[in-house]
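Me: Please take me through this structure feature by feature. Give me the general idea, then the case at hand.

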Amino acid sequence: MSTRCNIHFNYSDEIIANIYRHSDGYPDGVLPDLQTFFKEVKEHCGSDTRFNDPSYLAAKYVVWEANENAILEAKYSRSKTEPKRLAFLGVGVTLHDAPDGEYVYKVNCDEHDANGFPVVTYEPDDELNRDEEDNE
Amino acid sequence: MSTHCNIHFNHGQKTYANIYLRTDGYPDAVLPNFQIFFREVATQCDKTLYPSFFDDAPYLAAKFVIWQSDYNVKVISKFQAIGKLAIYGIAVVNEDSPMSEYIYTVDCMTQDVNGFPIVNCVPEPEIDEDDK
């Protein structure tokens, strides 16, 4: 559940925007989520997806995460009131990777797959691995 | 209308998050909007569950993206149909835009009398002599 990760929105290997995700940060959680997110961007934005703009795509991702949270809250909460979107703590905007992040994902906005979506790669966070090696 | 700005979410001098606004980045728009945003955050967040919602810069920056995007979509949807993710006015960045006319700092470490973070603007907004 609480696997933290960072998602870099890159262009030409340069990190343009960095988002911290607080839970479900393992590949089985993040990779399908990003594909769903890309599909929804395409649905909502038509031909103007701007998949090649990492800054705007990162902002869209923050909002998408909040939307998903609101859907879950509406489904499982006993409260009949509107979900409180600003109480959402699932993602943070950051300049640096979290020290407790287990994975780092790269959304490469200058490389697109057959669907026209940015190519996503990932690797375990090196810093965490270094700490584990130090402890051995 | 198209006054660009960057907003730094800081703890003191250290910046933890940076947001770019493409329009209405002048102080007369940004500063009052922040007060509305802070009030919304205070209303929506349960202090007993989340005691530190104003002193966490990365989470506050994410909340600001959500709030500003919701606001933009609400305004635009009055004139045309728009998807919830058709967001073009706000962006997450690691560096300031060269087009930005103002830089704001939201200092999550210092709070005003309402308990809201202190917001400063660089350059300082010019005060009209008549307004003094």
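Me: Let us start with one residue. Is Asp13(A) buried or exposed?

Reply: This is a predicted model. Asp13(A) counts as exposed, because it has 9 C-beta neighbours inside 10 Å and the cut-off for exposed is 12 or fewer. Asp13(A) sits in the loop between β1 and β2 of chain A.

Me: What is the phi of Asp13(A)?

Reply: Most residues other than glycine have a negative phi. Asp13(A) is not a glycine, yet its phi is positive, about 65°. Ser12(A) also lies in the loop between β1 and β2 of chain A. Its phi is near 50°, a positive value in a residue other than glycine. Ser12(A) is exposed, with 9 other C-beta atoms within 10 Å.

Me: Now the sheets. In what order do the strands of the chain A sheet run?

Reply: Strands of a sheet pair through backbone hydrogen bonds, either parallel or antiparallel. In chain A, five strands form an open sheet in the order β3-β2-β1-β4-β5, and the pairing is mixed. The edge strands are β3 (91-93) and β5 (118-124) of chain A, each pairing on one side only. From one strand to the next the twist averages 25°.

Me: Which strands of chain A run parallel?

Reply: Strand β1 (residues 5-11) and strand β4 (residues 103-112) of chain A run parallel, joined by six bridges. In this pairing Phe9(A) stands opposite Val107(A) in β4(A). Helix α2 (residues 57-76) of chain B packs on the sheet and touches β2 (14-21) and β3 of chain A. The direction of that helix makes about 95° with that of β3(A).

Me: How do β4(A) and β5(A) run?

Reply: They run antiparallel, with seven bridges between β4(A) and β5(A). Tyr105(A) stands opposite Tyr122(A) in β5(A). The two strands form a hairpin with five residues between them. In the turn, Gly116(A) has a positive phi of about 85°.

Me: And chain B? Which strands stand at the edges?

Reply: The chain B sheet is open, with five strands ordered β3-β2-β1-β4-β5 and mixed pairing. β3 (90-93) and β5 (117-122) of chain B stand at the edges; each has a single partner strand, so one side of each lacks a neighbour in the sheet. Neighbouring strands are turned by 25° against each other on average, direction ignored.

Me: Over how many bridges do β2 and β3 of chain B pair?

Reply: Strand β2 (residues 14-21) of chain B pairs with β3(B) over four bridges, in the antiparallel sense. Tyr20(B) stands opposite Ala91(B) in β3(B). Helix α2 (residues 54-76) of chain A lies across β2 and β3 of chain B, at about 105° to β3(B). Helix α1 (residues 27-44) of chain B packs on the sheet too, touching β1 (5-11), β4 (102-111) and β5 of chain B. Its direction makes about 170° with that of β5(B).

Me: At what angle do α2(A) and α2(B) cross?

Reply: Two packed helices are described by the angle between their axes and the distance between the axes. The axes of α2(A) and α2(B) cross at roughly 85° and come within 9 Å. The two helices are therefore roughly perpendicular to each other. Ala59(A), Val62(A), Val63(A) and Ala66(A) meet Ala62(B), Val65(B), Ile66(B) and Ser69(B).

Me: Which residues touch the most other members of the largest nonpolar core?

Reply: In soluble globular proteins, nonpolar side chains tend to be buried together. The largest nonpolar core has 65 residues, and those touching the most other members are Ile19(A), Ala59(A), Val62(A), Ile19(B), Ala61(B), Val65(B) and Val92(B). Leaving aside neighbours within four places in sequence, the contacts of Ile19(A) include Ile7(A), Val62(A), Val91(A) and Val92(B).

Me: One last residue. Is Ile87(B) buried or exposed?

Reply: Ile87(B) is buried, with 27 other C-beta atoms within 10 Å. Ile87(B) is found in the loop between α2 and β3 of chain B. Not counting residues up to four places away in sequence, Ile87(B) touches residues including Tyr56(A), Ala59(A), Val63(A) and Ser69(B).

How values were computed:
Residues numbered from 1 in each chain as written. Chains lettered and ligands numbered in written order. Predicted model: local features only at pLDDT ≥ 70, side-chain atom pairs only at ≥ 80, totals over all residues. Pairing = 2+ DSSP bridges. Axes fitted to C-alpha atoms, helices over the stretch in contact; angles between N-to-C directions. Contact = placed C-beta atoms within 7 Å. Core = buried A, V, L, I, M, F, W, Y, C linked by C-beta atoms within 7 Å. Buried ≥ 20, exposed ≤ 12 C-beta atoms within 10 Å, placed from the backbone. Parallel < 35°, antiparallel > 145°, perpendicular 65-115°, else oblique.
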